[in-house]
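Dear colleague,

Please find below the structure that I am handing over to you. My notes on it follow directly after.

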There are 2 protein chains.
Amino acid sequence: MDVGAAIRTKRMVRTFAPRPIEPEVLERILDAGRHAPSSKNTQRWDFIVVDDRALLGQLATVGRYAGHLAGAAVAIALVTPDPARERSHSILWDLGLAAENMMLAAWELGVGSCPATVYEHDLARELLGYPDDRWCGWLLSFGYPADPSDLTRPPRKGGRKAIDEIIHRGRW
Amino acid sequence: MDVGAAIRTKRMVRTFAPRPIEPEVLERILDAGRHAPSSKNTQRWDFIVVDDRALLGQLATVGRYAGHLAGAAVAIALVTPDPARERSHSILWDLGLAAENMMLAAWELGVGSCPATVYEHDLARELLGYPDDRWCGWLLSFGYPADPSDLTRPPRKGGRKAIDEIIHRGRW
């Protein structure tokens, strides 16, 4: 699948088939994250891969909109230094670059994904065991879509702002 | 170019050929950014497209490592609400998703790119004219590489951490 097509066709997928993700598919997704660019190439990220059903169910409670984690084949928790403590904007920007790589690489392989924002940081830390100087702002759910037509459904009309609403030419 | 190949082969490009970017290529890059997912689909971004040589030269002074903007065919300034004022992590994460879409879409079309972090916010605001309630943390340089072998050169050895350094299975 070419890059442009992946970007245009990718949908959020929140409901997943029980089918597991093959190890080689998972490795390609992880490797896409690893290859992301980062500020001064600092690569300030660790990825925790979770496929234990009980743990996925618990992780679904770390945020108000994290319920989709319970049905994911795999979740990848994105762990970084704490951006507030580090007073760093670039940690979050870099993490977005890496997450988009993983979600696009997954889509090309027929795997859907959706990010979940962590609201309950103490709970996430307890469940995932990362050290005190690290922080987890998001987890990504991955899995084959429960409804395979998710992969080919045309975009919802009006789902994105029109190009003229967001583009300024020359100057604001 | 398939997604996996784009992710694996993409390099930062900081030195650009004088060749302009064709309007249809630029529109595909912008459209890739527009299609990015965002937290609750808020799309809190505006993109300012700059191809004026004098202005590009001035923008090259907004940050310590922003010199590459002077030689870009086009710069895209990424403008959002101020993440500090909004106390929002997701503005920056979302912006990373959109930026990666644009840089990958460009790479597929033979166009190199590099982000520049803004350090001099007052100067960036003066040059680009965005309102007081907006903020520009990054600009992206785009252009055909001065050295076309940038597009095919194998990755530098050791440029990324090994997979085992960053992946944790099951739990940290």
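The crossing of helix 4 of chain A and helix 4 of chain B is right-handed; a crossing is called right-handed if the near helix is turned clockwise from the far one by less than a right angle, and left-handed if anticlockwise. Helices here are DSSP runs (H or I, at least four residues), as strands are (E, at least two), numbered from the N terminus. Please note that this is a predicted model, in which local features need pLDDT of at least 70 and side-chain atom pairs count only at pLDDT 80 or more, while totals for chains, interfaces and linings use all residues. Residues are numbered from 1 along each chain as its sequence is written, chains are lettered from A and ligands numbered from 1 in the order in which they are written, and side-chain values use heavy atoms, with hydrogens and water left out.

In both chains helix 4 covers residues 90-108, and the two copies pack at an angle of about 55°, with their axes 7 Å apart. Axes are lines fitted to C-alpha atoms, for helices over the stretch in contact, and angles run from 0 to 180 degrees between N-to-C directions. The angle therefore makes helix 4 of chain A oblique to helix 4 of chain B (under 35 degrees counts as roughly parallel, over 145 as roughly antiparallel, 65 to 115 as roughly perpendicular and the rest as oblique). Among the residues making this contact (heavy atoms within 4.5 Å) are W93(A), G96(A) and M103(A) from chain A, and W93(B), G96(B) and M103(B) from chain B. By class, the contact has 14 nonpolar, four polar and two charged residues. Ala, Val, Leu, Ile, Met, Phe, Trp, Tyr, Cys and Pro count as nonpolar, Asp, Glu, Lys and Arg as charged, and the others, Gly among them, as polar.

Helix 4 of chain A also packs against helix 2 (residues 23-34) of chain A, at an angle of about 150° and with the axes 7 Å apart. These two helices are therefore roughly antiparallel to each other, and their crossing is right-handed. R28(A), I29(A), L30(A), A32(A) and G33(A) of helix 2 meet residues of helix 4 that include A98(A), N101(A) and E108(A).

As for the chains as a whole, the contact takes 73 residues from chain A and 73 residues from chain B. Chain A and chain B bury about 6,100 Å² between them, 61% of it on carbon and sulfur atoms; buried area is the accessible area (1.4 Å probe) that two parts lose on being put together, summed over both. W93(A), R160(A) and W172(A) supply 15% of the area that chain A buries against chain B, more than any other three residues. The copies meet through the same surface, because 100% of the interface residues of chain A are also interface residues in chain B.

Yours sincerely
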